[in-house]
Protein chains: 2
Amino acid sequence: MSIDQAPSARGLSTGPRLGSRASREAILLAARARFAKDGFSGSTIRGIAGDAGVDASLVMQYFGSKNELFAAVIASGPNTISRIAEAFDGPEASLGERVTRAFFEVWDGDPGESEPLQALLRAAIGSEQAATQLRDLIQERVLVDLGPRLQHDADMKTRIEIASSMLVGVVVGRRLVGLDALVRQDRDSLVGYIAPAIQAILSAGAHSAQLGVVM
Amino acid sequence: MSIDQAPSARGLSTGPRLGSRASREAILLAARARFAKDGFSGSTIRGIAGDAGVDASLVMQYFGSKNELFAAVIASGPNTISRIAEAFDGPEASLGERVTRAFFEVWDGDPGESEPLQALLRAAIGSEQAATQLRDLIQERVLVDLGPRLQHDADMKTRIEIASSMLVGVVVGRRLVGLDALVRQDRDSLVGYIAPAIQAILSAGAHSAQLGVVM
DNA sequence: GAAAGTTCTCAACAACTGTTGAGAACTAAA
DNA sequence: TTTAGTTCTCAACAGTTGTTGAGAACTTTC
């Protein structure tokens, strides 16, 4: 009945505590990898549980449902958009290269950072529901992180979405589809190819009538 | 036993023929739309059959299996890559615009043309098997259609794959994810934003050391 | 030792999946 | 009308899916 019956007057109680976080994290790790590789509907809870060396029902016990597990995977990623947003600070002449490089570091680098993003992208392309989730994430974060850096300018927002889509497209071609000429390139030479194009998208406003946006 | 027992010495025989092609085509149409919308594993034969106003087993009877139905949908699309390849013919100054416009006409236009492509892309992003299928398709067709137009140049092949990935990325952002600033733009203004970037990718070889490729 | 609390597994359910075989419903020829 | 051939549906299969509830196995406190 009463809460204060706790054994040693603390929140800690009797049972085993060591395995708890370890299994939970193993599940999250396995789910991250599988969602990134097979998409949402292509991944199964039994498969994830098997990878984590755990029974499927434990996954349910920790995360409630497959949808919540997926949400936990997405939430487990660090705030990548703010890292990309930081690339907007600096001289305009090298804007394309900074943004391109930041994108590759986030999407093409450490699995802990890239796998949740790839999972979200795969799921978003695979189902309308996840697409809404991704859309909202972009909508929120981009406004929060990029808003202060740029004046509210519909044209610049369009340019950012185009440039982002292009960069994501290259990552999709390289990592998800596996186009061989893209896979073979190392990151630096890819940046060499791509940065001028991104620069053309992002800084073209400076050549047109209404400008003074970025700097 | 013998084949020549056919009633009127023709290939035509007794049963109803009207429904045949109509149902087959209705199934193919429904499958095209659903694969494009929900991906491969997200689509069900029962759902496709329901859209076509037909029992699920009829789908099996016509196409044998879900995989073969998918292959039929992919094969039903016209040869889009050759249409894009044609855009490479012409003055180099407007190469970016021609290619960009051709891409949008193919990927963002008539459902009969764009839906098989979107279906293949969704499936390729959703599973490794379909990714191989897409990779092979690109490998074959690009070499066949673009090979004669360009000299065999690894650098140009890389540039083409990058530009294609970028354009596909924009289509994904616009059609599959639904980024609102991209959805709002009409095609012409999108081309206005994007063409210079594609031009930068495709014709940048002319500015670098080893050149003479495109012209 | 017993008791309490935690972590985890077993077995099963209900729904849905692709797929199959048998037989209706219909159409055209005899 | 009978017969043969075609188009299509019904009912069911075996497997997999997410999900659930009961109870083992283990750890700490008394």
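**View 1. The buried residues of helix 4 (residues 66–76) of chain A are A:L69, A:F70, A:V73 and A:I74.** They share one side of helix 4 of chain A, because they cover an arc of only 140° around the axis. The arc is taken from the directions that run from the helix axis to the C-beta atoms. Buried means under 20% relative accessible area, exposed means over 50%, and partly exposed is in between (1.4 Å probe, protein chains only). Helices (H or I, at least four residues) and strands (E, at least two) are DSSP runs, numbered from the N terminus.

A note for all views: this is a predicted model, in which local features need pLDDT of at least 70 and side-chain atom pairs count only at pLDDT 80 or more, while totals for chains, interfaces and linings use all residues. Residues are numbered from 1 along each chain as its sequence is written, chains are lettered from A and ligands numbered from 1 in the order in which they are written, and side-chain values use heavy atoms, with hydrogens and water left out.

View 2. In the pair of A:F40 and A:F70, the rings sit edge-to-face, 5.3 Å centre to centre with 80° between the planes. A:F40 belongs to helix 1 (residues 18–42) of chain A and A:F70 to helix 4 of chain A, so this pair ties together parts that are 30 residues apart in sequence. A:F40 is partly exposed at 22% relative accessibility, whereas A:F70 is buried at 4%. Rings of Phe, Tyr and Trp (its six-membered ring) pair if their centres lie within 6.5 Å; planes under 30 degrees apart count as stacked, over 60 as edge-to-face and the rest as tilted. A:F35, A:F40 and A:F70 form one aromatic cluster.

**View 3. In chain B, look for the stacked pair of B:F35 and B:F40.** The ring centres are 5.7 Å apart, with 15° between the planes. B:F35 is buried, with 0% relative accessibility, and B:F40 is partly exposed, with 24%.

**View 4. A lysine lies over a phenylalanine ring in each of two places.** A:K66 is over the face of A:F40, 4.4 Å from the ring centre. In chain B, B:K66 is over the face of B:F40, at 4.4 Å from the ring centre. A charge sits over a ring if NZ of Lys or CZ of Arg is within 6 Å of the ring centre and within 35 degrees of the ring normal.

**View 5. The largest pocket holds about 890 Å³ of space.** Among its 48 lining residues, B:I81, B:F103, B:I138, B:V142 and B:S164 are the closest to its centre. Helix 9 of chain B gives the most to this lining, with ten residues. A pocket is an open set of points on a 1 Å grid over the protein atoms alone, with protein on both sides within 12 Å along at least five of seven lines; a cavity is a set where a 1.4 Å probe fits but cannot get out, and lining residues have an atom within 4 Å of a point.

**View 6. The largest cavity has about 510 Å³ of space.** Of the 31 residues that line the largest cavity, the closest to its centre are A:F103, A:I138, A:V142, A:S164 and A:V168. Helix 9 of chain A gives the most to the lining, with eight residues.

How values were computed: Points joined across faces, edges and corners; volume = space filled by probe spheres on them.
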